[in-house]
Amino acid sequence: MESDNHAEPQLLHRHPVTRIASAHGLLSWLTPIFAIILYILTIIYAWRSDLVSRNELFGGSPAKALQILNILSWFGNSLLGLAIAQAWDLTRAMLTARDPNGLCLLDSLALQPGTGIDGLLEIIWRARRVRKFKPGTWSIFRLLSMTVVPILGIVLLSDVEAVPAFYQGSPDPVAFGYGIGPFNASLAQLLQPITDSSFGTRFKQFLSDSDLVVDISSDTDRAGCSSGQLNDTLGPCRAKYFVPGGIEQFAPSLLGSHKFTSTSGIQPVLAKNLHGYHLEYETSNSTLFDQQTECAKYGYNLASFQLCLKDIESQKIAAFLRPCPKSLALNLDCLSNKTWQLDEGWGTTIEVYSRPADIAYNGLNGTILWYQLPNDTLISVNITALELLQVFNVLFNTSNITTPYGQLLKVIGIASNKPTEPFTIWQYFQGLVDLAKNDTRANTRAGIGLQSLLAIPIYHCQAKDYAELRQLLLGQLGGATNTFGQDLISQFPSVDPDTAIYSALLRYGLRVGRGSLLAYIVLAGCSLLLCAITNGLRSCTVVGKRCRNLGPFPLLTHLCDYKTVYADDGDGSLPDIQGTKAKLMKTAHIQVQLARDIVP
């Protein structure tokens, strides 16, 4: 029967709460629309913060870059929370209007946005007592919807960091530099007198030199690298490096330009479209070599090593290195004994390409600060195993003083000499032989050392190095009293600078983990889609139109536009029932219906 105390609310309805129903229907879309806009802006900024990071407001510091993301996500999440609450209220109204008998009050309480976590938990617990499962189900969905906003905040900001980015700071270049040029094996003759200084005692760390090399290996590339366990069954270890070369010949003279006014410890300069080597390595010990034509020994009777090189595919060279055993070294038999040339060692493959990039250097010391590769296009570099082996033959053997270049070196006191670098190389690799028996990570160290050894002559056998030296010496020839300087410089190749160098602006962008960004897109997108569907059903369906006159004030709407019907003959006055539990149990037998006279 119908309660008497609901007569007045029915009379109140004669003066509609919302006289501009159409306008209210349109306004109800504002919350999800603004939430969608903020959602899109947040995703775009998290994905491509570089679009705005040049502006100091967005990228002036790491704090600013992170703060913008935090502001966007906070407003977006707040609007999403409002949109979700609105969607639940619309769902409650449409479920009430759908059935002539109305909606169970217990269901209505579960769907009402004002019902908190404690109320929803109590509905879940009490609903099963009266054998009603919908209220508990709605409560569970409501609880899940309450977790969306905090989860979104955690997901998006859990894997984000501010990263530096550099932009061209001046329209005109402040200097011109040299990119990596083509490989030229004949330049090994010019490099031979300084082999020891070119390789040095730290030859094994060439690929970790932050002035010259950038490690661009991915996690997938490194997945096969040794973990240190003796029973390690991982696959081959791969590595990729970008070698743009350095600007040490220009730093700090670059800073003489009026474009540089900062006095900080970082004076960034930007080399645009700088060509460099792209090197790809993969550990491999399976290649068989011809000991006569594809291998050579370098060093002395006391210490030597064997290096083998072989073309195995287009652009791919297999390399293998084995050091002379200590037992033979002690007896000075490394060069005369041939049995150790079949001993175990370390192998790798190398592929050499060229590619352009934008590189930011610290103009004070030439350290690479940042890089950007415009695309994945790789240009083949023509290097054969035989050429590279011949380069090592020149570098690690006695210099030839009969050539014009050798005669010039003899004048300045550099006579025929044999580098001592092979002793340093032998010492490094021989020291890893015993260590590798107990720790397989020593094999990784040896592999990196071999890779660096191969990269050094590839890097130096190009005209860039000598063109820079030529440029430095030409300025001093004006006061020369003989032709020696000109004769020496004429031995060096001449190439023109090909890379524009600009002053740079340091800004900060964001790097958001792909997993975090994808999770944010899916979770927020699904939530907003459900909110939009709910608003669409309210605007376009017959059931939705039946409750289109309901106002934006839930409590007032409930008093004016709903009526309460009791399904039993008991006392229907809830205020007379003592205890929350008893009242909640009573709501299972009460229906909330849309007042008939407001149905359009």
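Is Leu332 buried, exposed or partly exposed? Keep that one in your head for a moment, everyone, and hello. What we have on the screen is a predicted model. Here is the answer: Leu332 has a relative accessible area of 48%, so it counts as partly exposed. You can find Leu332 in the loop between α13 and β10.

At 47% relative accessibility, Asn273 is partly exposed.

Now let's go to the cysteines. As a reminder, a disulfide is a covalent bond between the sulfur atoms of two cysteines. How many disulfides does the model have? The count comes to two.

The pair I'll take to begin with is Cys295 and Cys308, joined with a sulfur-to-sulfur distance of 2.0 Å. The torsion about their S-S bond is about 110°, and therefore this disulfide is right-handed. Cys295 belongs to strand β7, residues 295–299, while Cys308 belongs to strand β8, residues 304–313, so the bond ties together parts 13 residues apart in sequence. Both Cys295 and Cys308 are buried.

The other pair is Cys324 and Cys334, again with 2.0 Å from S to S. Here the torsion about the S-S bond is about -90°, so this disulfide is left-handed. Cys324 is in the loop between β9 (316–323) and α13 (326–330), and Cys334 is in the loop between α13 and β10, ten residues apart. Cys324 and Cys334 are both buried.

Is Cys540 buried or exposed? Its relative accessible area is 61%, and exposed means over 50%, so Cys540 is exposed. Cys461, on the other hand, has 0% relative accessibility and therefore counts as buried.

Next, the aromatic rings. The structure holds 17 aromatic pairs. Let me show you Trp74 and Phe75, which form an edge-to-face pair, 4.9 Å from centre to centre with 90° between the planes. Trp74 is exposed because its relative accessible area is 53%. Phe75 comes out at 45%, so it is partly exposed.

Turn the model around to Trp346 and Phe429 for another pair. This one is tilted, with 5.9 Å between the centres and 40° between the planes. Trp346 lies in strand β10 and Phe429 in helix α16, residues 421–435, so this pair ties together parts that are 83 residues apart in sequence. Trp346 and Phe429 are both buried.

Rings also gather in groups. Phe199, Tyr298, Phe305, Phe392 and Phe396 make up one aromatic cluster. And while you're looking at rings, find Tyr300: the charged end of Lys418 sits over its ring, 4.8 Å from the centre.

Last topic: empty space. Rolling a probe the size of a water molecule over the atoms shows where such space is left. The largest pocket holds about 1300 Å³. Its lining has 29 residues, and those nearest the pocket centre are Val163, Tyr371, Gln372, Leu510 and Arg511. Several elements each supply at least two lining residues, among them α3 (30–47), β11 (368–372) and α20 (514–540). Which strand gives the most to this lining? That is β2, with six residues. Sorted by class, the pocket lining has 16 nonpolar, five polar and eight charged residues.

Then there are the cavities. The structure holds four of 30 Å³ or more, and the largest cavity has about 60 Å³ of space. Its lining includes Arg222, Cys237, Ala239 and Thr283. Helix α17, residues 441–460, gives the most to this lining, with five residues. By class, the cavity lining counts three nonpolar, five polar and one charged.

To wrap up, let's go back to where we started. Leu332 is partly exposed at 48%, while Cys324 and Cys334 are buried.

How values were computed: Residues numbered from 1 in each chain as written. Predicted model: local features only at pLDDT ≥ 70, side-chain atom pairs only at ≥ 80, totals over all residues. Heavy atoms only, no water. 1 Å grid on protein atoms, 1.4 Å probe; cavity = no way out; pocket = protein on both sides within 12 Å on 5 of 7 lines; lining within 4 Å. Points joined across faces, edges and corners; volume = space filled by probe spheres on them. Helix = DSSP H or I, 4+ residues; strand = E, 2+ residues; numbered from the N terminus. Nonpolar A, V, L, I, M, F, W, Y, C, P; charged D, E, K, R; others polar. Disulfide = S-S within 2.5 Å. Buried < 20%, exposed > 50% of the residue type's maximum accessible area, 1.4 Å probe, protein only. Phe/Tyr/Trp six-rings, centres within 6.5 Å; stacked < 30°, edge-to-face > 60°. Lys NZ or Arg CZ within 6 Å of the ring centre and 35° of its normal.
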